[in-house]
Amino acid sequence: MIKKISMNAIQSLWLPFALVAAWWVFSANSEDPFFPPLSVIWDQFVFLWVFDNVPIHVVPSLINLFSGFSIGVLIGLVGGVIIGTNQGLARYIEPSVDFIRSIPPVATVPIFIMIFGLSYEMRVAAIAFSAIFPTMLAVIQGMHSNNPTLLDTAKVFRLTPFQTLVRVRIPAAGPIIFSGIQVSLQVAFVVTIASELLGSGFGIGAFTLIATDTFMITDAWTGVILMGTLGFLVNVIFNLVERRVLRWYLASKKLS
Amino acid sequence: MLGFMLLWQLGTSFGPLSGGSLPSAVSAVSTLGELFVLPEIWVAIGQTLFIALVGLLISVVLGIPAGVLVGLSPFAFRSLKPVLDFFKVIPPIVIIPIVILVFGPTTEMGIFLVVFANFFMLVFQSAYGVRDLDSVLLDTLKCYGMTKWEEIWYARIPGALPFIAVGVRIAVASSMIVAVVAGLIGGAPSLGQQMLLYQSSGQPNQTFAIVIIFGVLGLVLARIYAQIQRKIVFWTN
């Protein structure tokens, strides 16, 4: 058993290590100004990000990300439930939603800059706006695909419409809703970075942009690596939360 | 849709947003009409579509065969999965600063970003599709004495097509998005760059009109691909 697990671990981990090692070795004597040796990038990374600049650049980015994301998802959930339970309303609203969601989220950032200027509110508003739609559409879709037997059963048990909604329809749509929230999170992350790249003094995106503009190439690499790692970690945390909330669903899938 | 436009107009003329820099619906739409006679808008639309489509084509041509190969070998799939998982969730926007340094604000930079955005997802999707085959079907093939090649050609690849089709649908949408981002943030010649120009020179109507063009382009591309998909994986509906 233990042997099997460690075999699996080796099989799934050797390549990432090998890739990093290859990068380290092949870049060791690099003279190319755009691709400094990984050892140099690493030293600079430790110098910059453990942990001197974290409160200045990383913390504001993360606060923006989470406040925007939470506001957007909340609006998306409420809006989705209202539209999802109301067939007539859905027909009027869906074309507009369809249109707005076809706009690349990053392209809305200049609009928010026009309205709010380069402020904290602009960032949170842009992040929240882009996080609304994936969640909202997933809620609508999830509630439309509710199993009819489930709804009939709820009727037989004489649940009130409100009880049916909260206890049956929304939980049954949970897996779809969660995949929508995950897309919201990824979009929110992109917009967070974009709102910083398009002009501001702080934030990881802004730091990296300034480094690029001033040809501090090693600094720019550390920024890129930091942003990539954060993007990855945010997803990992989300998956852990999802597994906890949806454990009834995962367990039922295992049984069947 | 009309109601939404009305709400927008009322909101900007009388509501809380009036007097701000947000243009009203009427002025944005009339500016849209003015923009459509400008040649540079059509050039920018063409450049954006060029970046999106060439990038899409390269990532499809490279990503799907690579994914099929990876999916055929359990060892390769298990080894590559963490790498694919990692790159799949990393948005291309984070590598823009480095990519600008290497390519400069060019069309090639945009195409590279589009390929980076789609490649790993397509590899994953095709590899997963090739592996996800009904075991009864596999046993049946064995009973008929099919060779490995016949199994791949007649069962595994057709079986993977629905997964690949989903991957390509995501890729179509993200190619357009990344082409816009490449212009807006990376400065590649495209509609995104045009938009930034309007925004930074304080022309809110034009900026807004371009956002509307983005929405229309995204919708049109999604519709076109839905038609193509219905022809290729006709048995799924």
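I began with the cut-offs for exposure: a residue is buried under 20% relative accessible area, exposed over 50%, and partly exposed in between. I note that the model is predicted.

**Entry 1: Val50(A)**

I looked up Val50(A) with those cut-offs in hand. Its relative accessibility is 43%, so Val50(A) counts as partly exposed. I located Val50(A) in the loop between helix 2 and helix 3 of chain A, where helix 3 covers residues 54-84.

**Entry 2: the nonpolar patch**

I then asked which residues make up the nonpolar surface patch of about 650 Å². I found Val50(A) listed together with Trp24(A), Val25(A), Phe26(A), Trp42(A) and Val46(A). Helix 1 of chain A gives the most, with three residues.

**Entry 3: Ser184(A)**

I turned to Ser184(A), which I placed in helix 9 of chain A, residues 174-197. Is Ser184(A) buried or exposed? Ser184(A) counts as buried because its relative accessibility is 0%.

I looked up what surrounds this side chain. Leaving aside residues up to four places away in sequence, Ser184(A) touches Phe69(A), Val73(A), Ala131(A), Pro134(A) and Thr135(A). I recorded one distance for Ala131(A): its backbone oxygen lies 2.6 Å from a polar atom of the Ser184(A) side chain.

**Entry 4: helix 6 of chain A**

I examined helix 6 of chain A, which spans residues 120-144 and has 25 residues. From its first C-alpha to its last, helix 6 reaches 37 Å, close to the 36 Å expected at 1.5 Å a residue. How many of the 25 residues of helix 6 are buried? I noted 18, and the helix is thus mostly covered.

**Entry 5: chain B as a whole**

I closed with the totals for chain B. Its secondary structure comes to 10 helices and zero strands, and I read the order of elements from the N terminus as α-α-α-α-α-α-α-α-α-α. Of the 237 residues in chain B, 46% are buried.

Conventions. Residues are numbered from 1 along each chain as its sequence is written. Chains are lettered from A and ligands numbered from 1 in the order in which they are written. This is a predicted model: local features need pLDDT of at least 70, side-chain atom pairs count only at pLDDT 80 or more; totals for chains, interfaces and linings use all residues. Side-chain values use heavy atoms; hydrogens and water are left out. Helices (H or I, at least four residues) and strands (E, at least two) are DSSP runs, numbered from the N terminus. Buried means under 20% relative accessible area, exposed over 50%, partly exposed in between (1.4 Å probe, protein chains only). A polar contact is a pair of N or O atoms within 3.5 Å; within protein, one must be able to donate a hydrogen and the other to accept it, and residues adjacent in sequence count only if both atoms are side-chain atoms. Contact means heavy atoms within 4.5 Å. The expected span of a helix is 1.5 Å times one less than its number of residues. Patches are made of residues with over 30% relative accessible area and no salt bridge: like charges are joined within 9 Å, nonpolar side chains (Val, Leu, Ile, Met, Phe, Trp, Tyr) within 5 Å. Accessible areas come from the Shrake-Rupley method with a 1.4 Å probe; for residues, only the protein chains shown count as cover. A salt bridge is a side-chain nitrogen of Lys or Arg within 4 Å of a carboxyl oxygen of Asp or Glu.
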